[in-house]
Amino acid sequence: MYSQIFELEDQFISPFKPLDIIKRSCEYFGSSYEGRKDGTKHLIGITHKAPIAVDPTSSIFFFPTSSPARPQCMWLSHHHVSKFTRADTGMTSVVFRNQQQIEIDISYSSFGNQVMRTALLKTKLLQRIEETERQQYYLVSRKGIAEQNESASKYSLLR
C-alpha cells in the first residue's frame, strides 16, 4: 500500500500508508495519534472516523473518509477543502483550494458530516487556545500591576 499525496502545487507518491503519515505527523508536532484521537473524543464526543488535530496551533486538521483501518480510507486536510458537491450515487466531488477536483467514494451526507465534525473540533480547540492566551495575558498584566503597586508603595514610604 502507498499514499498519493496532493499538496497545493505538487503531488507525489509515498511508500507509507495514509494512517502512518497521519501518525508520524502527530508525533512530529509532539503528540501521538492515539492522544489526538482521545482529545477529539473528550472535546466533541466523536470516536468513529474521528477528525484529528495534527497541530491545532498551526490549524492543521485532517479527517478520514472512512474507518482509518480500511485500506481505501483517505485523509483530507480540512483547510484545503474549498467546496464539495453530490456526484454519482454514493460519490462526492471535492474541490480543493488549488482548484484541483477529485471524486471520492463517500456519500455527500457522510462527507458533509466529516467536514462539520472537523469544523467543530477546530472551533473547540481554537477557543481553548484563545482562552489560555487571554488568561496568560491577564496573569502577566496583573503581575505587572502588582509590581508597579509594590514599587509605588516603596516610594511612598521613602517620602
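Residues are numbered from 1 along each chain as its sequence is written, and side-chain values use heavy atoms, with hydrogens and water left out. Because the model is predicted, local features need pLDDT of at least 70 and side-chain atom pairs count only at pLDDT 80 or more, whereas totals for chains, interfaces and linings use all residues.

The mean pLDDT (the predictor's confidence in each residue, from 0 to 100) of the protein is 89, and 88% of its residues reach 70 or more. Confidence is highest in strand β4 (residues 60-64), at a mean of 98, and lowest in helix α3 (residues 108-158), at 80. The protein contains 3 helices and 8 strands, taken as DSSP runs numbered from the N terminus (helices being H or I of at least four residues, strands E of at least two), and the pattern along the sequence is β-β-α-α-β-β-β-β-β-β-α. Of the 159 residues, 31% are buried, that is, under 20% relative accessible area with a 1.4 Å probe and protein chains only. Among contacts (heavy atoms within 4.5 Å) between residues at least 6 apart in sequence, 35% join residues at least 24 apart.

An open sheet is formed by 3 strands in the order β6-β7-β8, with antiparallel pairing, where two strands pair if DSSP finds at least two bridges between them. Strands β6 (81-86) and β8 (101-104) stand at the edges with a single partner strand each, so one side of each is left without a neighbour in the sheet. Neighbouring strands of this sheet are turned by 25 degrees against each other on average, direction ignored, the axes being lines fitted to C-alpha atoms and angles between N-to-C directions running from 0 to 180 degrees. The antiparallel pairing of β6 with β7 (residues 92-96) extends over 5 bridges, and F84 has V94 in β7 as its bridge partner.

Within strand β8 lies Q101, which is exposed at a relative accessible area of 52%, the cut-off for exposed being over 50%. Leaving aside neighbours within four places in sequence, Q101 is in contact with S93, V94 and V95. The side chains of Q101 and S93 make a polar contact at 2.5 Å, a term that denotes a pair of N or O atoms within 3.5 Å, of which, within protein, one must be able to donate a hydrogen and the other to accept it, while residues adjacent in sequence count only if both atoms are side-chain atoms. The C-alpha atoms of Q101 and S82, 19 residues apart along the chain, are separated by 9.8 Å.
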